[in-house]
Amino acid sequence: MPSSKRTDSPAPKVPSRPKEASAPALGKAVRKLTRPTGEFYGNIGTGFWTFFIPVAIYYFYGIMVMHSGRLVVPGPSFWYDLVYTLPDGLSIRPCWGPTVVSLTWVCCQALAEIVLPGKVKEGVMLKSGRKLLYPMNGLLTFFLSHVALFLLCKYEVLTPYYVFLNMGALLTEAVITSYVMALWLYVDFGIFWERHVDDPEFEEDHGVFDCQDFFNDFFMGVVRNPRLFHGILKVPFDLKRFWNARPGLTGWVILNISYLASMYYGCALPTDNVYGVNDSLFFGVHEAKSAMLQRAFADKDPASFCQEEGSISNIGLAAVFITLAHWYYIFDYNLVEPAYLTTTDIRHDLFGFMLTYGDWGFLSRFYPISFMGFLAVQKSANGYIVNNHVFAIIGVCMYLFGMFMFRVTNIEKHLFRDHMNNGGTVDKYRSPWSTRIVFGDKKPEYILTKEGSMLLTSGYWGLARHFNYIGDLTMCIGWAIACYDPSSPFPFLPIGYCIYFWLMDCHRCWRDEVRCSKKYGRDWERYKKAVPYYIFPGIW
Ligand code: NDP
């Protein structure tokens, strides 16, 4: 591929858009296994998660569609019913219609990233000393995606409650796509890494070093910023940023909106007679209900599960709040899209199954079913949750606090790093208003590491080393509380999400600490002395 058309920046101190990337010559590439190893306990840990996570999500989906979100013990008949008893679309059998819809969505998102106008931002420096370029047209894509789907529903190409009737097949499409994609990444960028040494994004730790680490490499990834269409596109197509940010994130809020529409149209699964009053809150054994479920679904046309006319009275405060809260979270991401370039996702994580599935099978499927999916199936239990105002309001308050914390902490680090990386000085830097109102208009304090990066030690970043996680950790609990209603099944599904999120975020912090202490060595120790707390100031 002719490298002369590449516009990714090749090396520091070179004007921003050089013509040619000064990559090492083929065969002379320096390679070192400097990427983190063993973060998920090697082949055994990653092999386990590779299969366990999709199964766990199938389980959560199963309790949602067959038990309105009640926890049940899943015996063989649970899995049988999930695959065979439920109709096409609702069942987890692969199904062409939803697969085509889903993959068309991915293609349209990719096309939008390539063709829509937007600023081009430079990312942070790679290990090779280069910087990559990223198109910043997320906000436009986000809005146009909404308009396109609205038109598709208006002209009856899709039903607004499409997701309610097809989520099982959408889950399976995501599993298959994620496995195939991760395998392709492993083979193309891993085994055949030499094909990519001339790519500007090539780094010393790319590729497969030892095939015995297959599960570890398949899961964690073997390439940090795989890019396509070098020499064809002005800014090559960055697969990881695209996959992390576009189809999955926007997909999450679109799936939520579709669940909201299913409530409006009174969609309910025919499980009404399967539960009695005594079953309404907690869990049992699936086997006990299996025969009734099979009768309930027998010969039912899924189109009959939703009404022709909608009613706004079906929609409670909790459903509106969660749809808006998740929507704003993603809107906010797109609003300050460049801030993503300094996060762990882009800076450090490689692109393997953890992210191919994490973004597509997990984020864009499990997040919607955990809250909106749970609320949408309550009609089949005791009716939609519309009267739990107190719990919904507690949830709103926790969310507002969490969202504020999320935004002000992350933007503080991003603006500081961005200013200093672009040749700014501390004297000329002014903290964002959200830092100034709490900490006053002071100069930022930081540790200049030997490695060259600057670690903020003032403002929110002076309170704890991962204080920016508090926002997310708080708001998910607010969403779960909003799903609670004493007369409906206990919100195990939303709580399941919270447990996952807390474990994932804490593990992510730990991974970040290990990585940073390796990278910064004694400077990290100095930083830990300056900012001793981990997440919660004064506690941990
Ligand atoms: P951070 O944004 O905290 O990024 C960590 C990196 O920032 C470190 O590796 C280091 O990178 C740099 N850094 C660490 N300390 C400092 C400091 N004091 N000053 C300057 N730079 C520093 O982590 P994440 O990307 O994991 O999280 C970002 C946000 O995204 C969080 O709020 C998190 O809760 C949220 N999140 C949400 C998820 C969701 O599913 N909703 C999933 C994951 C995260 P370097 O090598 O550049 O120094």
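Modeller: Happy to! Between domain 1 and domain 2 about 4100 Å² is buried, and carbon and sulfur atoms give 64% of that area; buried area here is the accessible area (1.4 Å probe) that two parts lose on being put together, summed over both. Phe321, Tyr329 and Phe371 supply 16% of what domain 1 buries against domain 2, more than any other three residues. This is a predicted model, where local features need pLDDT of at least 70 and side-chain atom pairs count only at pLDDT 80 or more, while totals for chains, interfaces and linings use all residues. Residues are numbered from 1 along each chain as its sequence is written, and side-chain values use heavy atoms, with hydrogens and water left out.

The domains span 39–386 (domain 1) and 387–540 (domain 2), with bounds from an automatic or database domain assignment. Their C-alpha centres lie 25 Å apart. In contact (heavy atoms within 4.5 Å) are 48 residues of domain 1 and 46 residues of domain 2.

As for charges, the rule finds six salt bridges across this interface, each a side-chain nitrogen of Lys or Arg within 4 Å of a carboxyl oxygen of Asp or Glu. Asp349 and Arg508 form a salt bridge through their side chains, at 4.0 Å from N to O.

On the side of domain 1 that touches domain 2, the residues comprise 29 nonpolar, eleven polar and eight charged; Ala, Val, Leu, Ile, Met, Phe, Trp, Tyr, Cys and Pro count as nonpolar, Asp, Glu, Lys and Arg as charged, and the others, Gly among them, as polar.
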